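This text walks through one protein chain, from its overall make-up to a few of its contacts. Please look at the sequence and the structure first.

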Amino acid sequence: MSNQKTIDTHLHLDESVPGGADNAVAELRSQMVDAGVERGVVLHLECQRWPLEEVATAVHAEKSLLLFANVNPMDPEASDKLRYAITELGCGGLKLHPRLQDYQVNHKLTSALVSLAGELGVPVLIDAFPDGDWMLQGHSMLDYALLARACPKTNLIIAHMAGHKVLDAMMLAKRTPNIYFDTSYSLLYYRGSSVPADLVYAMRSMRFKRIFYGSDYPDRGLKETLTESVAVMREHKIGMRNSTQFYTRTHWNSCRGEPARHIRKRLNRRTLRETPARVRAES
Ligand SMILES: [Zn+2]
């Protein structure tokens, strides 16, 4: 599998790095090299201090990185901002953070923007970590599934595998083919509880399809996450060969093609609609 790369599909830029976005990208790249992660998907956040244009320039200067733009669906200019991010800045996807940006997953404006992403040929990654604040606001996996079903042409990546609600999410995903998952944060956050076993069970039950590896750097360390995630897989009797494959067999080209300034011109829309990224292994 010489063409298979370790890809971390859930990365942010570290705001504690002083200076411009290019400095934060340089720091990320050095951590990736240290961890043996060859490629990564960077998720822009509107709450960070760098404007999207600056982040896109810095990220796209690195061939190994791809950028998803964060747009708030409640913003009256949301559609224009998403089109601009994809068609002008070469972003490869839409990042939604309903908890941080304070809107409902099941709002009609959310599904309108998610549908638009599908029309533009890019996937959507949505935060789904059920922390206490989010649960107090009525966090429900059903809302995510209904969003995916309302937007069948869009591939919706449920971030953090929905945390401790992973089994609900898995059951809904089995009936909703455009739901995908990333493994970020949860395997480490719930360390010592029964949740990692549920996460591994869900991965197995889905035959490792539609599941992408991610760390949530810098909230969780890049190298630490990779090392500990492989350890969890081994602990649950997913052999080293298979776990290594799992973390290396993400298909970058189907994730979004090569990240570059004019990526859009080389975009294979059909491939993207079918598989924004994919990790496979036999367990
Ligand atoms: Zn994140």
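Of the 283 residues in the protein chain, 45% are buried; a residue is buried if 20 or more other C-beta atoms lie within 10 Å of its own, exposed if 12 or fewer, and partly exposed in between, with C-beta atoms placed from the backbone. The model is predicted: local features need pLDDT of at least 70, side-chain atom pairs count only at pLDDT 80 or more, and totals for chains, interfaces and linings use all residues. Residue numbers start from 1 along each chain as its sequence is written.

The protein chain has 14 helices and eight strands, which are DSSP runs (H or I, at least four residues, for helices; E, at least two, for strands) numbered from the N terminus. Two residues are in contact if their C-beta atoms, placed from the backbone, lie within 7 Å. Among contacts between residues at least 6 apart in sequence, 78% join residues at least 24 apart.

In soluble globular proteins, nonpolar side chains tend to be buried together. The largest nonpolar core here has 73 residues, and L67 and I158 have the most contacts inside it. Such a core is a set of buried Ala, Val, Leu, Ile, Met, Phe, Trp, Tyr and Cys residues joined through C-beta atoms within 7 Å. Leaving aside residues up to four places away in sequence, I158 touches I126, A128, Y144, A169, I179, Y180 and F181.

Two packed helices are described by the angle between their axes and the distance between the axes. Axes are lines fitted to C-alpha atoms, for helices over the stretch in contact, and angles run from 0 to 180 degrees between N-to-C directions. Helix 1 (residues 21–35) and helix 11 (residues 222–235) have axes that come within 8 Å and cross at roughly 30°. Helix 1 is therefore roughly parallel to helix 11, a term for angles under 35 degrees, while those over 145 count as roughly antiparallel, 65 to 115 as roughly perpendicular and the rest as oblique. On the helix 1 side, Q31, M32, D34 and A35 meet L222, K223 and L226 of helix 11.

Helix 1 also packs with helix 2 (residues 52–60), at an angle of about 35° and with the axes 8 Å apart. Here A21, D22 and V25 of helix 1 make the contact with E54, V55, A58 and V59 of helix 2.

Lastly, Y84 lies in helix 3 (residues 78–88). Y84 is partly exposed because 16 other C-beta atoms lie within 10 Å.
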